[in-house]
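Please view the sequence and the model together before reading on.

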Amino acid sequence: MQDEDDNSAHPPRNSRIFASKSVDVLDCESTKEQAPKLCGYLNKLVGKGPLKGFKTRWFVYDPRKCYLYYFKTPQDALPLGYIEIADACFTYDVEAEEGQFEIRTAGKEFLLKAPSKQVMQYWLQQLQQKRWEFSNMRGCGNRDSWCSPSTLYPHTGLVAKDADAVLLDQPNESMESVRSDFTVEADANGLVGLQTARNSATLNFSLKQWSTELRNSMSHLRPSRGGENRRSIFYTASNEEWEMIDPPTKDTPEHKPPTESPRRENPLHFQRHSLGSAFTFDFRNPSRIRRPFHMGSGKSSRSAETSPVEFNGSKALELQLRLQNQQEELRRMQEEQTHLQEELSSQKELVRLLQQTLRSSQCERWPSGSSVPGEVDAAAVLAERDRQIQALCGHMERLALEKESLQQELKGLKVKVGEINDQLGMLMETIQAKDEVIMKLSQESQEGIAELPECGSPTAREQQELDNLRDSLHGYKSQNNFLNKEILELTVLRRNAETREKALEAKYTALEAKLCQVESKYLVLLQEVKTPVCSSSEQGPAHEVISRLLEDALEVESSDQQEYTVFKPHAVSEYDVYGFKTVPEEDDEEEKLVAKVRALDLKSLSLTDQEVSVGVKWENYLSGTMNRELIRSPELKSLMRSGVPHVHRSKVWSSCVNFHVKKIRESQPADYYENLLCMARDKPNPASKQIELDLLRTLPNNKHYASPSAEGIQKLRNVLLAFSWRNPDIGYCQGLNRLAAIALLYLEQEEAFWCLIAIVEVFMPRDYYTKTLLGSQVDQRVFKDLMNEKLPRLHAHFEQYKVDFSLITFNWFLVVFVDSVVSDILFKIWDSFLYEGPKIIFRFALALFKYKEEEFLKLQDAMAIFKYLRYFTRTILDARKLMNMAFVDMNPFPLRQIQNRRTFHLEKVRLELTELEAIRQTFLRERETTQDGRTLISDDDEDN
């Protein structure tokens with residue numbers, strides 16, 4: 001019954017996974033397939049012992065871990081549990097209950113049941129496909145893919161191209177062909193996908209509940225139960241309307257018989273309720289007859305076309321019952337009329353007797369010679385009698401009116417009864433004609449059967465058995481194909497697991513060998529360095545050993561080295577995960593060694609238990625937010641301050657940007673960014689020249705922006721041009737290119753554009769990126785005040801040696817530490833910055849100085865201090881220590897204090913700029929006056 005309801009309300013939709021392509025308007029990026037989310041309702045066997053039974057659960061597939069989470073409802077945030085699909089196997093039994101299948105994984109068995117066989121096959125195929133895709137991605141490039149069952153979260157932006165570097169075993173075409181041969185066509189019929197969550201209330205709606213609900217809605221059709229006048233319309237599969245109007249009220253005579261009383265306070269009220277509600281069907285529109293909803297014995301879904309005789313017969317029976325009820329009502333009305341006429345005649349007789357009694361009493365009690373007091377009493381009695389007579393006359397008039405109204409209603413009932421008789425006659429004629437047709441067809445069929453030879457077609461029982469065998473054969477064929485495909489995929493999965501195990505063993509062996517070689521070389525070096533070298537010109541064995549060690553130390557893993565890339569034991573790649581070059585291409589070996597040591601330290605810090613713990617916290621948090629968007633909360637704020645893992649940064653950044661620019665974005669059309677790009681392409685922009693000059697100077701040490709043909713250059717150009725058209729008062733300012741470049745590493749073009757708007761228009765004060773850089777100058781003075789408050793010793797040290805640290809920190813604030821700190825710390829700062837805003841810049845700027853406060857205090861020379869200021873941030877590698885200083889040691893850190901100090905310094909800076917402008921104008925006027933009064937002398941005259 002649920003399937004029929006869904007099909008009538010929603011047309012059947014094919015829920016197969018399909019690829020939807022999105023193409024950039026100007027950049028023509030490569031298309032990316034986006035599959036719909038695999039989710040839906042399934043019944044899961046729960047409980048133990050006699051309490052075991054199936055309960056409906058909402059299942060959602062998570063591609064990050066290849067887990068199938070199940071929730072109580074789609075609105076729940078935390079799952080009840082999960083099923084590991086990566087190493088699971090699936091099976092079902094043809095002879096078992098329809099739609100029932102089993103998932104076995106890690107020593108556990110999960111028995112699930114789908115609404116139908118087709119839905120079960122769809123789920124099994126999709127789970128097989130997800131397991132196959134996950135197994136093919138498991139061998140991908142970075143280190144975590146070897147030791148963690150979690151697959152990478154789908155990236156966006158420029159780093160997405162670097163997510164999948166190397167595959168262990170790419171599926172070949174023959175393998176995919178065999179898999180497709182064993183695939184059984186299955187359709188979810190609209191019962192799988194996000195649309196089923198909207199119909200969650202109707203999914204568990206059983207046949208018993210459905211019939212109970214209909215009985216409740218039709219309760220006025222049963223005797224002794226009434227309801228208010230209302231109209232109910234039901235729609236069936238045959239697209240016909242079934243309508244019930246004006247149900248009988250509690251005062252209907254057939255439900256509540258009239259009480260016999262000599263006097264009625266309001267007889268019209270009773271008649272008003274007894275009439276008008278006796279007819280429960282509307283025949284006012286004969287061109288569109290609305291049928292009564294008939295509940296048969298389990299055949300309510302059969303339409304009139306499938307069984308016309310049965311349906312018309314039931315309708316005629318209903319009309320006969322209604323006609324009998326109307327006739328009974330008519331008889332009661334006639335009896336009521338007779339009763340009222342008798343009462344009227346009795347009242348008239350009573351009036352006549354009272355008048356006679358009055359006249360006789362007047363003659364007897366008051367003779368002509370009576371006294372005056374007696375006459376007064378007689379007058380009072382006469383007045384009383386007159387009032388009684390008037391009351392009786394009024395009552396007679398009311399009775400006459402009631403009689404007229406009853407007669408009119410009686411005429412209306414007779415007219416309606418006539419109409420019902422006509423309808424009944426038409427239906428009876430239709431039934432008779434159909435009966436004749438059925439009889440004729442039956443005779444023809446019997447004659448045709450008699451003409452057939454006796455040894456022809458099989459009997460009905462044999463035909464039924466044959467159909468059953470065919471269905472069983474089809475079911476076993478489907479099961480056989482599914483199990484063959486399951487065996488094939490499990491074999492490939494086992495082979496892949498063996499390949500990964502061998503690869504890990506080879507990698508472990510190579511690393512162990514490399515370690516032994518390094519230990520051996522360093523022991524030789526230590527042995528040789530005990531003997532001092534006489535002169536640098538001598539080429540002794542120590543010099544050769546040191547040279548070899550330097551060559552090995554400077555060797556990094558290059559992308560050109562294709563052979564045995566997975567087995568290379570080098571811990572440092574040519575580029576880090578963000579695309580920045582790890583070792584500079586300089587001739588200075590010392591600089592290369594320092595960069596290599598820094599890269600090794602960063603690598604070791606990223607593998608600490610604390611970083612792993614942060615990753616686990618993020619995994620748990622995101623698994624609880626699968627059914628909803630990220631919302632601002634203390635828990636999310638704490639996680640943002642601890643840093644977002646690389647695999648989740650694209651999603652988290654996008655959510656943060658959308659939160660800050662939601663109102664701005666909603667006020668603009670959906671194609672706002674594309675319109676700006678078209679405008680930039682069609683019209684000349686005064687800022688385009690400067691943008692082109694700065695494109696290659698943005699991040700030259702990042703491979704995504706290193707050359708004119710790099711992928712990030714065109715995206716960066718589009719974002720900056722679109723922003724310059726949105727903000728013509730700013731146009732382009734040096735610094736915006738670096739902000740957009742960092743955003744593009746994790747976001748797509750349009751998202752990076754809105755990220756730039758969030759920074760410039762939402763986070764930063766006005767005039768921060770204008771020509772005067774007024775807001776930036778104000779923030780430098782606010783930062784000096786905070787330095788004096790939070791780090792008084794270091795501030796006094798700078799003041800003592802007259803070191804203006806704002807020459808260095810100005811760029812920190814303008815580009816949010818881009819090219820000022822190492823990449824790992826930079827992106828952790830940006831995580832908090834995109835969530836909390838510009839206050840983060842002040843926190844981390846103070847934390848950087850506090851991190852190296854003691855080193856600064858040891859320097860006793862202005863030049864040494866300024867020199868150390870230029871590079872000290874690149875020596876800070878421990879992000880956890882720095883973040884603890886920023887968010888713990890710098891507290892309290894109220895935003896209102898920063899805003900108040902900005903307001904105070906803004907007025908001072910504006911006043912100073914006004915004075916400088918006045919001085920400049922005065923100087924220009926004096927220079928013009930001096931040039932006008934100067935006498936020009938030629939060179940010849942000067943020589944003479």
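The sections below treat the chain as a whole, then a sheet, and then several helices.

## Basis of the model

The model is predicted: local features need pLDDT of at least 70, side-chain atom pairs count only at pLDDT 80 or more, and totals for chains, interfaces and linings use all residues. Residues are numbered from 1 along each chain as its sequence is written, and side-chain values use heavy atoms, with hydrogens and water left out.

## The chain as a whole

The protein chain has 32 helices and nine strands; helices (H or I, at least four residues) and strands (E, at least two) are DSSP runs, numbered from the N terminus. Of its 944 residues, 39% are buried. Buried means under 20% relative accessible area, exposed over 50%, and partly exposed in between, with a 1.4 Å probe and protein chains only.

Contact means heavy atoms within 4.5 Å. Among contacts between residues at least 6 apart in sequence, 70% join residues at least 24 apart.

## The seven-stranded sheet

Seven strands form an open sheet in the order S4-S3-S2-S1-S7-S6-S5, with antiparallel pairing. Its edge strands, S4 (81-84) and S5 (89-91), each pair on one side only. From one strand to the next, the twist averages 35°.

Two strands pair if DSSP finds at least two bridges between them. S5 and S6 (residues 100-105) are joined in the antiparallel sense over three bridges. Cys89 stands opposite Arg104 in S6.

## Helices H19 and H20

Helix H19 (residues 688-695) packs against helix H20 (residues 711-726) at an angle of about 150°, with their axes 11 Å apart. Axes are lines fitted to C-alpha atoms, for helices over the stretch in contact, and angles run from 0 to 180 degrees between N-to-C directions. H19 and H20 are therefore roughly antiparallel to each other; angles under 35 degrees count as roughly parallel, over 145 as roughly antiparallel, 65 to 115 as roughly perpendicular and the rest as oblique.

H19 contributes Ser688, Ile691, Glu692 and Leu695 to the contact, while H20 contributes Ile713, Leu716, Arg717, Leu720 and Leu721. By class, this contact has six nonpolar, one polar and two charged residues. Ala, Val, Leu, Ile, Met, Phe, Trp, Tyr, Cys and Pro count as nonpolar, Asp, Glu, Lys and Arg as charged, and the others, Gly among them, as polar.

## Helices H23 and H24, and His795

Helix H23 (residues 774-790) and H24 pack at an angle of about 120°, with their axes 5 Å apart, which makes H23 oblique to H24. Lys784, Met787, Asn788, Glu789 and Lys790 in H23 meet Pro792, Leu794, His795 and Phe798 in H24. The contact of H23 with H24 has four nonpolar, two polar and three charged residues.

His795 lies in H24 (residues 792-800) and is buried, with a relative accessible area of 12%. Beyond its neighbours within four places in sequence, His795 is in contact with Lys784, Met787, Asn788 and Phe805. His795 and Phe849 are 54 residues apart in sequence and 9.9 Å apart in space, C-alpha to C-alpha.

## Helix H25

Helix H25 (residues 806-815) is largely enclosed by the rest of the structure, because seven of its 10 residues are buried. The buried residues of H25 are Ser806, Ile808, Thr809, Trp812, Phe813, Leu814 and Val815. Their cover includes H21 (736-744), H23, H26 (823-836), H27 (839-851) and H29 (862-871). After H25 comes Val816, whose phi is positive, near 55°.
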